[in-house]
Each structure stands twice: as structure tokens, then as C-alpha cells.
Amino acid sequence: MSGPHHQGIGMTSPRTRERMVQRLGDQGIRNLRVLDAMLHVPRHVFVDEAFAQRAYEDAALPIAFNQTISQPYIVARMTELLLAGMPDNAKVLEIGTGCGYQTAVLAALTRHVLSIERIAPLLERARQRLRALEVVNVTLKCGDGYLGWELEAPFDGILVTAAAPKLPEALVKQLSDGGVLVLPEGQRQQVLKVYQKRGDTLLQASLEAVSFVPLLPGVER
Ligand code: SAH
């Protein structure tokens, strides 16, 4: 690969990624498939050039339009929660494509990822990055993730990467039986929640405190 994102080899090399993955293991991420995917997806490609040197730190970093790429630990944790008990050929929905990094990690671990982003120019950049990396099993659209993607439902998993004040009902409807939904819930105080649909019941668990940008209604062109 060439281009500005790939300069400064020292800080963006596979060795740096190995150290990040080691740290994730120390932080309690156990799913080896998730660790392996994060070893291979070049995170520095997804952050703005000015931050490429910091791509593998355990930090959330700014991307365009006042949004942030989640810290590696959160990406790993949410992916691990989503994948637990999910079939190998899962079809998953992501709400909040952002820079596309979480999308690429999910794509490495599932059959197909559909991802919705409300800010059109952000989505286009993610599209270009994913294409450059030859990630082919993703479908992206600009839309309001509150509504989910009805035509493509049901989903084995739904991952929301922006905080919702409360659980969006449309997303629950679009889960398959046994399907898992992972999302940050709350406004100022947010908690990572996992829901699982079992027939007519919805199981839920609250995990750690998190800090995400808000899930906003409507789209920005
Ligand atoms: N997974 C992303 C995280 C980006 S931050 C990454 O790895 O970069 C959350 C993203 O959710 C932002 O890009 C924001 O624009 C988007 N978002 C917020 N509300 C949304 C909605 N209702 N529908 C779709 N995307 C939304």
C-alpha cells in the first residue's frame, strides 16, 4: 500500500498492532477471533492523517464532522459481546458507520455487514477506505439508523455505535429470534447494554459505563 496514511511506518506497523492486541488481551478481551481480526485490520487507515501515529493507542480519536472513532477496547468489547453465541454465517447491522473501522472488524468476522450512517460525506469516506482495503462483504447506506434497515431484516446481530436515550423499537423488531443487540444506552450517563431476543421475550444485561456521541435522528447530506 502507498499514500500518506501509510507513512511513519514505525507507529503504524504490524508490530504496533500486535502490541495493541496484546493490551486488549490484558484488558480482558478473550475472543481470539476478535483479537485476530483486530490484528489484521489496519486501524491507522481509518483515522485522519494527523492522528495516524496515534491510531493504536487505547484512545478514542476525532474523525470528521465532530464524530469519534471508538477506542480499540470498546470496539473489541462490543464485537465480542455481539459475536457470543452468533452463527458463523451471521448477517449483522451496524448503526453509525463513522470512519468504517468497526465495520471492517465486523466484516472480518461475519458473512455480511450492513451499516447505516446519517452523515453522507462521512459515509463516502468510509466507503472509499473499505473499498481500498478490498472489504467486499459490506453494504453501506446513508440513513437514519433509528429506523434500522427493514428491507434487509432480520439480523442475527445489531451493533449501535452511538448512544441512544432509550432502546429504539424498530431495531428490536428487526432482530432474528436469538439475535443480539449491543448498544450504549443513556444520555450523559451511558451504559453498555446487551439485549437478546428469545421468542417473545427480550433478555437484557447492563455492562460497563461508556461514553459515546449521541444517536441523532434524520440525515445530513
Ligand atoms: N463505528 C464508528 C463510530 C463512529 S461515532 C467508527 O468506528 O468510526 C458514531 C457514528 O454514529 C457517527 O458517525 C454518527 O454520525 C453516527 N450516527 C449518529 N446517529 C445516527 C443515526 N441515527 N443513524 C446513523 N448513524 C448515526
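A polar contact is a pair of N or O atoms within 3.5 Å; within protein, one must be able to donate a hydrogen and the other to accept it, and residues adjacent in sequence count only if both atoms are side-chain atoms. By that rule, a polar atom of the threonine 110 side chain lies 2.8 Å from the backbone oxygen of leucine 106. This is a predicted model, in which local features need pLDDT of at least 70 and side-chain atom pairs count only at pLDDT 80 or more, while totals for chains, interfaces and linings use all residues. Residues are numbered from 1 along each chain as its sequence is written, and side-chain values use heavy atoms, with hydrogens and water left out.

**Threonine 110**
- Threonine 110 is found in the loop between helix 5 (101-107) and strand 4.

**Ligand contacts**
- For nitrogen atoms of the ligand, a backbone N or O atom of leucine 216 is at 2.6 Å.
- A side-chain N or O atom of threonine 161 is 3.3 Å from a ligand nitrogen, and one of glutamate 94 is 3.4 Å from a ligand nitrogen.
- The protein buries 99% of the 580 Å² that the ligand exposes when taken alone (Shrake-Rupley method, 1.4 Å probe).

**Ligand shell**
- The ligand is surrounded by 26 residues (a heavy atom within 4 Å), and the closest are Cys99, Glu117, Asp144, Gly145 and Leu216.
- The shell divides into 13 nonpolar, nine polar and four charged residues, with Gly counted as polar and Cys as nonpolar.

Key
Helices (H or I, at least four residues) and strands (E, at least two) are DSSP runs, numbered from the N terminus.
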